[in-house]
Amino acid sequence: MSERGSGNGGAGDGGLVQLTAKDFKSDQEVRWCPGCGDYAILAVLQGFMPELGIPRENLVFISGIGCAARFPYYMQTYGMHSIHGRAPAIATGLAVARPDLSVWVVSGDGDALSIGGNHLIHALRRNVNVKILLFNNRIYGLTKGQYSPTSERGKVTKSTPLGSLDHPFNPLSIAIAAEASFVARAIDTDKKGLVDVLRAAAAHRGSAFVEILQNCNIYNDGAWDGVREHKENRLYLTEGDEVRWGDLGIRMTPDGTLEVVPADEGGLLVHDPARDDPGLAFALARLTWETIGAVPLGVFRAVRRGVYEDGIQAQLQAAVGERGEGDLHALLTGGDTWEIG
């Protein structure tokens, strides 16, 4: 929870100082539309970062393009506002080259799931040690309100005046199908729930994918009001507890599908995010407001799997061998080479 130095108002003698949320606020003016859900997420992250105990110079935020992509400007850490959809690829390179850093990706539903869909799934399947935060407002906000990969079917926007014909992506389903080792969901205005998820993601070694339901009050206001404004519609997933909300719960049928039943009937599903088989996590991710009248929140999946950087480092050590150093000339001239002229 501390770092050395006096640049943040701490001890000038080089002793340890306690970081606070203020230490993670940059001098840049925060410029989002008034009422945007990004403000709440930014405040939570700035307040949460000191808990990690990581010096700011060892934290990196990488973003793509979109409203959420302004995040690195507002975090007093290292950061990069990269190119559309490529933040997971750039984060992969950084995490591999500098495994000592804590690397975070900030992306939107359009940036991550449209042009960036390919890069997202490969970072997840490789289990790169990065934390990927996907802000989902179900719309393209920066480019003024076109439908996005998560917009519901029939959505009327500037680019779909007669309603979208596309079936929307379920971000959690994509992450689980890509073999992500950690998958979770939270809401922008639910501070406790969001911090709990971020804490679990930060502690996880490997790719951590977190969908954050977020409001765009200009181009898609009220998209998540059923769960943002009504806590009774939140289905919190807690390890070891029955999957239930209010007087309803989730039970598994003999054919393996999930059904909603009165909670007092018993036999409810007990949540186990560490279950190696991703099938149950996938089934829970398919429970939506449209299908059960509630939205599951929390950690869906958290399993141990080989981390990409560890494999890279092992190969480097094997290549270097007992000499303790590589031979660039041997590498360039080895294998199938030839000279011209």
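Good morning. The model before you is predicted.

The eight strands form an open sheet, in the order β4-β3-β5-β6-β8-β7-β13-β9, and their pairing is mixed. At the edges stand β4 (78–81) and β9 (234–237); each has a single partner strand, so one side of each lacks a neighbour in the sheet. From one strand to the next, the twist averages 20°.

Let us now look at β7, which covers residues 182–187.

Which strands are joined to β7 by bridges? One is β8 (residues 208–213), which runs parallel to β7 and is joined to it by six bridges. Within this pair, Val183 is placed opposite Phe209 of β8. Another is β13 (residues 295–302), joined to β7 by four bridges in an antiparallel arrangement. Here Ala184 faces Val299 of β13.

Together, β7, helix α7 (residues 191–203) and β8 form a β-α-β unit that is right-handed.

Helix α7 also packs against another helix. Two packed helices are described by the angle between their axes and the distance between those axes. For helix α1 (residues 37–48) and α7, the axes come within 10 Å and cross at roughly 50°. That angle makes α1 oblique to α7. The crossing of α1 past α7 is right-handed. Which residues meet there? From α1 come Ile41, Val44, Leu45 and Phe48, and from α7 come Lys191, Leu194, Val195, Leu198, Arg199 and Ala202.

We return to the sheet, at strand β3 (residues 59–63), which pairs with β5 (residues 102–108) in the parallel sense over five bridges. Ile62 has Val105 of β5 as its bridge partner. Phe61 is also placed in strand β3. Is Phe61 buried or exposed? With a relative accessibility of 0%, Phe61 counts as buried. Its contacts, leaving aside neighbours within four places in sequence, include Leu45, Met49, Tyr78, Trp104 and Val106. Phe71 is another of these contacts; Phe61 and Phe71 are ten residues apart in sequence, and their C-alpha atoms are 7.6 Å apart in space.

Thr92 belongs to helix α3 (residues 87–97). Apart from neighbours within four places in sequence, Thr92 is in contact with Ala123 and Val128.

Finally, there is an open sheet of three strands, ordered β10-β11-β12, with antiparallel pairing. Its edge strands, β10 (244–245) and β12 (258–262), each pair on one side only. Two bridges join β10 to β11 (residues 248–252), and Trp245 has Leu248 of β11 as its bridge partner.

Thank you for your attention.

Notes:
Residues are numbered from 1 along each chain as its sequence is written. This is a predicted model: local features need pLDDT of at least 70, side-chain atom pairs count only at pLDDT 80 or more; totals for chains, interfaces and linings use all residues. Side-chain values use heavy atoms; hydrogens and water are left out. Buried means under 20% relative accessible area, exposed over 50%, partly exposed in between (1.4 Å probe, protein chains only). Two strands pair if DSSP finds at least two bridges between them. A crossover is right-handed if, with the strands pointing away from the viewer, the path from the first strand over the helix to the second runs clockwise. Axes are lines fitted to C-alpha atoms, for helices over the stretch in contact, and angles run from 0 to 180 degrees between N-to-C directions. Angles under 35 degrees count as roughly parallel, over 145 as roughly antiparallel, 65 to 115 as roughly perpendicular and the rest as oblique. A crossing is left-handed if the near helix is turned anticlockwise from the far one by less than a right angle, and right-handed if clockwise. Contact means heavy atoms within 4.5 Å.
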